[in-house]
Amino acid sequence: MFNRILALAAAATLVAGCGALPQQQQAQPRRPAEPPATSAPPSTDPATPSPAQDTREALAETRSTLTPDLKVEVTGLNRVKGKHLVVQIRLTNTGTDKDLTWTGEMGDETRRLGEIRWASGIGVLDEQARAWILPYKPAGGPCLCSDEKRDDIGYFIKPGASISLYAVMPAPSGGRQSATVVTPLAPPMLDVPVSDEPPQGDFPDPDAEPVTPLVHRVVLPSESADKTEETADDGTDLQVNLSSDVLFAVDEAVLTARAKAVLSRTAKLVDASPATEVKVEGHADSSGSDAVNDPLSARRAQAVKAALAPLLTRGGVAFQTKGYGSRRPLYSNDTDEGKRRNRRVTVTFTRPQAAAQPSPSEDVVSTVGPDGDLTGSAKADGQPIAMEVTGLRRLPGGLGLLTYTIANEGTAEAWYNDLHNGQDWQSYKYQSASAVVLTDQAARRRYLPGRIEVRTGDDPGSYCACSGVSGVRLGAEKFAPGQKREFWGLFALPEQARALQVEIAGFRELEVPVR
């Protein structure tokens with residue numbers, strides 16, 4: 001069990017290293033434990049106590065995508081010792097007829113913890129660092145966060161009741177006065193004010209025992225409209241994936257006539273970068289044997305390096321080449337589209353300061369006018385399904401947050417599976433609402449949902465930076481009559497764009513203003 005001290009009404013002096021973080025003297029009392037429930041319906045046990053509720057004003061709020069009756073509020077966001085962050089979340093059951101569970105929805109899906117009991121999915125998005133920050137992992141447990149069993153919180157939230165959760169994690173970079181709070185169950189909460197005052201409550205001190213920070217890269221992919229190249233920007237490096245189908249003939253390592261235009265655009269990116277080293281790596285799909293793929297991918301990397309180097313307009317750049325064969329796929333090899341994208345030569349270098357994009361490669365004609373209508377319609381299981389874009393918000397660091405709602409306007413239950421169908425090549429660990437593309441018509445560039453990378457060896461372990469629709473969230477694509485859910489996705493957002501074309505699943509393309 002973590003070393004902790006109780007919140008006391010009287011003033012107390014905390015000696016550094018005694019196991020708990022500094023706290024405000026007048027802290028909210030902890031909510032008494034609810035008796036464990038054995039089924040989803042509300043308890044009628046007359047002995048059940050009436051718990052004290054946390055009545056602090058919320059700093060931000062949202063609703064669970066899967067369970068709209070579950071309100072999510074941030075009640076505290078405190079930077080401690082200049083390097084740690086304590087996040088306090090209040091979950092409220094706003095419904096009237098059934099108990100709601102919370103442990104499954106609040107768990108971190110990027111790691112297996114064995115049990116579903118921790119609020120391990122509470123985190124913050126560090127936009128400038130392109131980092132998804134989750135609670136510390138202490139030596140003696142899986143998460144420096146609320147534990148349903150240890151903290152005796154209770155598995156269910158009764159109608160009208162609330163529970164309070166916490167998580168302790170590294171503070172975002174830059175000492176910012178606000179942060180984006182993320183949870184697995186709802187859209188991110190933006191511009192939440194950060195306080196440097198001690199938090200209200202008693203929380204474990206990460207300096208009192210060995211802890212491991214859990215900070216994952218957020219990678220933002222985009223591609224040219226003609227799909228000759230795809231870039232992945234993690235805020236530090238730019239990875240340009242050049243399609244081998246464009247650069248080479250089948251089983252060949254001699255560049256095609258079309259390759260020069262593609263490499264010229266890549267050279268401009270390298271010129272705009274402070275990079276002194278450029279890695280050129282060849283990759284293949286899973287077709288064929290290693291005996292064929294390994295030397296072919298190496299020769300292709302060398303061919304690209306030989307053609308790219310003379311196109312640079314500055315000196316001081318060294319090149320490294322290597323062929324990986326089929327050992328480092330970006331996407332699933334189970335689909336033709338995944339295989340096509342895996343056949344590539346990757347050019348990696350320090351990200352250009354201005355986050356430059358490749359020059360346009362072909363004309364793209366917009367078929368959508370700025371009519372202000374941000375809705376669309378479709379059918380699912382014979383029921384009318386309505387979609388509405390609720391916002392495309394510019395975030396720091398070149399990021400953008402898209403939010404939209406899906407509603408069943410029919411009279412019977414319907415499953416709308418198109419939010420993930422058709423995007424199987426993306427090879428996320430779990431199904432997600434990833435069938436969304438943003439297009440910058442002026443730059444002739446398409447932006448795909450961001451991904452959270454949890455690398456294990458050569459496996460990038462990609463998770464969509466968007467609403468999940470699998471596991472405990474499988475029912476997020478099931479809609480009762482009249483039911484509406486809000487979904488979200490994180491994208492790269494070009495600095496100059498004032499509006500982007502947004503295509504969500506099978507709905508019509510919309511022109512959405514950036515705000």
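Modeller: **Salt bridges and their surroundings**

The side chains of Arg327 and Asp294 meet in a salt bridge, 3.1 Å from N to O; a salt bridge here is a side-chain nitrogen of Lys or Arg within 4 Å of a carboxyl oxygen of Asp or Glu. This pair links distant parts of the chain, 33 residues apart: Arg327 is in the loop between strand E15 (318-323) and helix H5 (336-342), and Asp294 is in helix H4 (residues 290-308). Helices (H or I, at least four residues) and strands (E, at least two) are DSSP runs, numbered from the N terminus. Arg327 has a relative accessible area of 41%, so Arg327 is partly exposed. Asp294 also counts as partly exposed, because its relative accessibility is 23%. The cut-offs are under 20% relative accessible area for buried, over 50% for exposed, and partly exposed in between (1.4 Å probe, protein chains only).

The model is predicted: local features need pLDDT of at least 70, side-chain atom pairs count only at pLDDT 80 or more, and totals for chains, interfaces and linings use all residues. Residues are numbered from 1 along each chain as its sequence is written, and side-chain values use heavy atoms, with hydrogens and water left out.

A search of the whole structure finds 30 salt bridges. One of them joins Arg90 to Glu73, with the closest N and O atoms 2.8 Å apart. Here the link runs from strand E3 (residues 84-93), which holds Arg90, to strand E2 (residues 70-80), which holds Glu73, 17 residues apart. Arg90 counts as buried because its relative accessibility is 6%, and Glu73 counts as buried at 6%.

Strand E2 also holds Arg79, whose partner Asp196 lies 117 residues apart from it in the loop between strand E10 (186-193) and strand E11 (211-224). The closest N and O atoms of Arg79 and Asp196 are 2.8 Å apart. Arg79 has 8% relative accessibility and therefore counts as buried.

Elsewhere, salt bridges form a network that links Glu223, Glu230, Glu337, Arg340, Arg341 and Arg446.

The cysteines give another kind of link. The whole structure has two disulfides, each a pair of cysteine sulfur atoms within 2.5 Å. Cys143 is joined to Cys145, S to S 2.0 Å, and both residues are buried. In the other disulfide, the sulfur atoms of Cys464 and Cys466 are 2.1 Å apart. The torsion about the S-S bond of Cys464 and Cys466 is about 125°, so this disulfide is right-handed. Both Cys464 and Cys466 are buried.
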